[in-house]
Amino acid sequence: MGNVQILLRQHVGAPCAAIVKAGDEVKKGTKIATPTGLGANIFSSVYGVVEEVLEDRIVIRPDEEQKDEFVPIEVEDENDKLALVKEAGIVGMGGAGFPTGIKLGINLAETEMAELDAEINPELPADFKLEHSYILINAAECEPGLEHNIRQIEEQCDKVVRGVKYCMEITHADKAIFAIKKKNNKAIEILRKAIANEAEISIHLLPDIYPMGEERAVVRECLGVNLTTMQLPSAARSVVVNLETAAKIAEAIDEKKPCITKNLTVRGKINGGNQAHVFMDVPVGVSVGELIERAGGIDGVYGEIIMGGAFTGKATELDAPITKTTGGILVTIEFPDLHGANVGLLVCACGGSEERMREIAQKMNGKVVSVCRCKQAIENKPGAPLKCLRPGNCPGQVKNNMQFKKDKCEYIIIGNCSDCSNTVMASGPKMGLKVFHQTDHVMRTVGHGLYRTLRVSKQVDQLPNGK
């Protein structure tokens with residue numbers, strides 16, 4: 001194992017402040033950084049010696065021998081489950097990175113449902129109320145090509161369910177719902193058996209479209225409520241928790257274990273084939289390159305390495321460290337060459353930012369001459385990440401395609417959800433526009449269908465009584 005680099009910002013909020021110095025010996029579970037505002041504690045994931053404390057990271061030289069034991073977390077009252085979650089430094093492990101201890105610090109039993117926007121909930125009566133409060137477990141594994149969430153259900157379902165029950169206890173929620181794609185038959189059957197005697201826990205099946213794992217999409221699919229781009233799930237008397245996060249909550253409470261490891265998928269142009277390599281409990285701070293080598297190494301010339309998913313991930317380097325929020329490492333085939341052709345970018349809340357899409361256009365040797373935004377992509381604050389008004393339900397893209405045609409684009413690069421991509425295809429090719437999706441090089445690498453015309457239903461049949 002090479003040096004471990006533990007970033008001081010791997011959560012929503014401000015970077016943490018280091019509380020160790022060069023030369024200090026650390027163990028697995030030694031607290032090495034604490035929040036300076038909104039944030040979460042950071043711990044060493046290995047036994048070793050602190051080599052450097054830099055502005056944005058702590059570099060640790062691991063010992064040759066790595067014991068399984070870790071330093072347990074300590075709180076004043078060991079029966080205070082929320083305090084244990086906060087002390088463990090758990091954040092949203094699905095990629096969002098919001099500190100879980102803060103998210104769970106809400107009494108859902110006393111939370112009133114917020115007023116709903118009638119324009120985006122036209123099918124609901126004006127006096128609609130939810131009878132129950134909910135923990136919604138995001139098991140969608142939304143990003144195509146990743147498999148570590150589903151693997152955790154298959155291999156550690158009991159731990160996940162324990163974590164969910166702790167979430168219910170902490171927030172006083174009276175119901176829990178697992179949101180999982182219907183295609184995952186093995187995981188669903190294991191989950192059904194695990195919750196057979198849990199009267200308040202059920203399953204909601206999702207269609208295999210992107211972005212079913214978006215937080216507000218989970219609320220909509222499970223509860224039938226459309227939240228505005230400014231509303232949190234608490235507006236629908238719910239808290240959404242990623243299933244890996246739920247497992248970390250169980251570890252913190254049952255084992256007093258800090259958040260020092262991550263599950264992730266390595267996949268793509270790897271020696272031996274493009275199948276998914278799932279690694280469980282990888283020490284936070286291990287390099288991208290080390291994990292690729294564990295998977296078999298890069299197979300020849302490649303396009304780029306993505307940290308995260310094909311839609312929302314970013315290009316990275318071999319020496320970059322993984323964090324608490326890293327879900328995937330994807331090695332892609334080479335990019336096609338557009339030979340300087342005019343390119344339009346359709347920026348969507350569901351895919352990459354304009355910066356990321358410009359980067360992809362540059363790697364394809366295209367000249368960006370036009371940029372449009374999906375009309376459902378809302379910027380709540382100047383410079384803030386875009387939010388989709390109705391995740392996964394698109395109104396159409398004819399106007400944007402007409403603009404691209406007017407601006408003399410030969411190609412367009414889109415980053416839209418499944419339904420949005422479908423609406424692009426309804427008019428773009430008829431106008432002579434050649435379409436690339438920002439995920440194309442990843443989808444071709446892993447053998448997944450390209451995001452173009454939607455060929456699956458957005459509605460799926462549910463299990464009787466959610467069991």
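A: Helices are DSSP runs of H or I with at least four residues, strands are DSSP runs of E with at least two, and both are numbered from the N terminus. On this count the protein has 11 helices and 22 strands. The model is predicted, with local features needing pLDDT of at least 70 and side-chain atom pairs counting only at pLDDT 80 or more, while totals for chains, interfaces and linings use all residues. Residues are numbered from 1 along each chain as its sequence is written, and side-chain values use heavy atoms, with hydrogens and water left out.

The overall dimensions come next. Along the principal axes, the C-alpha atoms fill a box of roughly 65 × 55 × 40 Å. A residue is buried at under 20% relative accessible area, exposed at over 50% and partly exposed in between (1.4 Å probe, protein chains only). Of the 467 residues, 55% are buried. A contact means heavy atoms within 4.5 Å. Among contacts with a separation of 6 or more, 71% are between residues 24 or more positions apart.

Now to the rings. Rings of Phe, Tyr and Trp (its six-membered ring) pair if their centres lie within 6.5 Å; planes under 30 degrees apart count as stacked, over 60 as edge-to-face and the rest as tilted. The count by this rule is three aromatic pairs. One of them is Tyr210 with Phe311, a stacked pair at 3.6 Å centre to centre with 5° between the planes. Tyr210 lies in the loop between strand 10 (201–206) and helix 5 (215–223), and Phe311 in the loop between strand 14 and strand 15, so this pair ties together parts that are 101 residues apart in sequence. Tyr210 is buried, at a relative accessible area of 5%, and Phe311 is buried at 0%. Phe311 also pairs with Tyr451, edge-to-face, at 5.0 Å centre to centre and 85° between the planes. Tyr451 belongs to the segment after helix 11, 140 residues from Phe311. Like Phe311, Tyr451 is buried. Through these ring pairs Tyr210, Phe311 and Tyr451 form a cluster.

Strand 14 and helix 11 also have a part in the packing of helix 8. In helix 8 (residues 354–363), Arg356, Met357, Ile360 and Ala361 are buried. Their directions, taken from the helix axis to the C-beta atoms, fall within an arc of 140° seen down that axis, so the buried residues line one face of helix 8. Glu355 and Gln362 are exposed on the face turned away from the buried side. The buried residues pack against strand 14 (305–307), strand 15 (314–316), strand 17 (342–347), strand 18 (367–373), strand 21 (411–414) and helix 11 (440–446). After helix 8 comes Asn365, with a positive phi near 60°.

Lys181 is in strand 9 and is buried, at 4% relative accessibility. A polar contact is a pair of N or O atoms within 3.5 Å; within protein, one must be able to donate a hydrogen and the other to accept it, and residues adjacent in sequence count only if both atoms are side-chain atoms. The side chains of Lys181 and Asp208 make such a contact at 3.3 Å.

In the largest one, of 46 residues, Ile135, Val164, Phe178 and Ile180 touch the most other members. Elements giving two or more residues to this core include strand 9 (175–181), strand 10 and helix 3. Helix 3 provides the largest share, 10 residues. Another core, of 32 residues, lies apart from the largest one and has Leu330, Ala377, Tyr411 and Val442 among its members.

Conventions
Core = buried A, V, L, I, M, F, W, Y, C linked by side-chain atoms within 4.5 Å.
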